[in-house]
Amino acid sequence: MATWNSRGLRGSTLEDMINRTNERYLEQRLALIQKIPTPITPVRIDKENRHITLAYFEKQSTVDYIGAVQGIPVCFDAKECNTDTFPIQNIHEHQVRFMEHMEEQNGISFLLIYYSTRNEIYYMRFDEVKKFWKRSQEGGRKSFRIEELDPKFFIQLKELFFVPYLDKINLDLEQRDE
């Protein structure tokens with residue numbers, strides 16, 4: 001069993017931006033996307049501050065977000081990176097399998113990767129996830145560099161906390177149709 005600690009909060013900046021975006025998409029009736037909580041079992045609680053200080057993951061989670069965008073099933077995970085090189089080990093096998101199953105059901109799976117030092121977000125299509133995952137599994141490079149990514153899928157942040165990923169879903173769908 002894995003132990004929970006503060007490292008799990010690394011993605012909170014991106015998740016906050018995505019959560020606000022999802023609220024806005026829901027208000028505009030564009031999408032219904034929900035954050036999936038990671039199931040944990042608390043072991044030690046600071047009673048004075050009412051904080052969990054030690055916990056265990058009950059089971060492997062799927063991805064961070066699941067929902068529907070105008071009738072299309074969608075799932076994605078939020079990742080943060082503070083360098084220009086993203087380690088594949090930050091993408092877990094059970095997440096890749098879940099995303100693959102979503103794709104098999106005619107859904108859309110992707111990652112949103114926040115490059116914090118650049119203040120840029122990248123929409124990584126599932127076919128890219130698979131390509132980099134496969135490369136690492138076959139003994140190749142265990143990471144990917146920002147230069148390897150498709151410039152069309154970088155997201156320009158709007159209004160400070162708005163991540164317009166629906167635009168990239170549209171682009172993803174257009175490329176699938178070609």
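**A sheet and its helices**

Helix 4 (residues 165-177) lies across strand 2, strand 5 (65-69), strand 6, strand 8, strand 9 (120-125) and strand 11, and runs at about 130° to strand 8. Helices (H or I, at least four residues) and strands (E, at least two) are DSSP runs, numbered from the N terminus. Axes are lines fitted to C-alpha atoms, for helices over the stretch in contact (heavy atoms within 4.5 Å), and angles run from 0 to 180 degrees between N-to-C directions. The model is predicted: local features need pLDDT of at least 70, side-chain atom pairs count only at pLDDT 80 or more, and totals for chains, interfaces and linings use all residues. Residues are numbered from 1 along each chain as its sequence is written, and side-chain values use heavy atoms, leaving out hydrogens and water.

The open sheet is formed by six strands in the order 2-5-6-8-9-11, with mixed pairing; two strands pair if DSSP finds at least two bridges between them. At its edges are strand 2 (31-35) and strand 11 (154-155), each pairing on one side only. Strand 6 (residues 72-81) pairs with strand 8 (residues 108-115) in the parallel sense over eight bridges. Here Cys-81 stands opposite Tyr-115 of strand 8.

In helix 3 (residues 126-137), the residues Phe-126, Glu-128, Val-129, Phe-132, Trp-133 and Ser-136 are buried, that is, under 20% relative accessible area (1.4 Å probe, protein chains only). Seen down the helix axis, these buried residues fall within an arc of 160°, so they line one face of helix 3; the arc is that of the directions from the axis to the C-beta atoms. They pack against helix 2 (93-104), strand 8, strand 9 and strand 10 (143-145). Gly-139, with a positive phi near 90°, follows helix 3.

Note on methods:
The expected span of a helix is 1.5 Å times one less than its number of residues. Buried means under 20% relative accessible area, exposed over 50%, partly exposed in between (1.4 Å probe, protein chains only).
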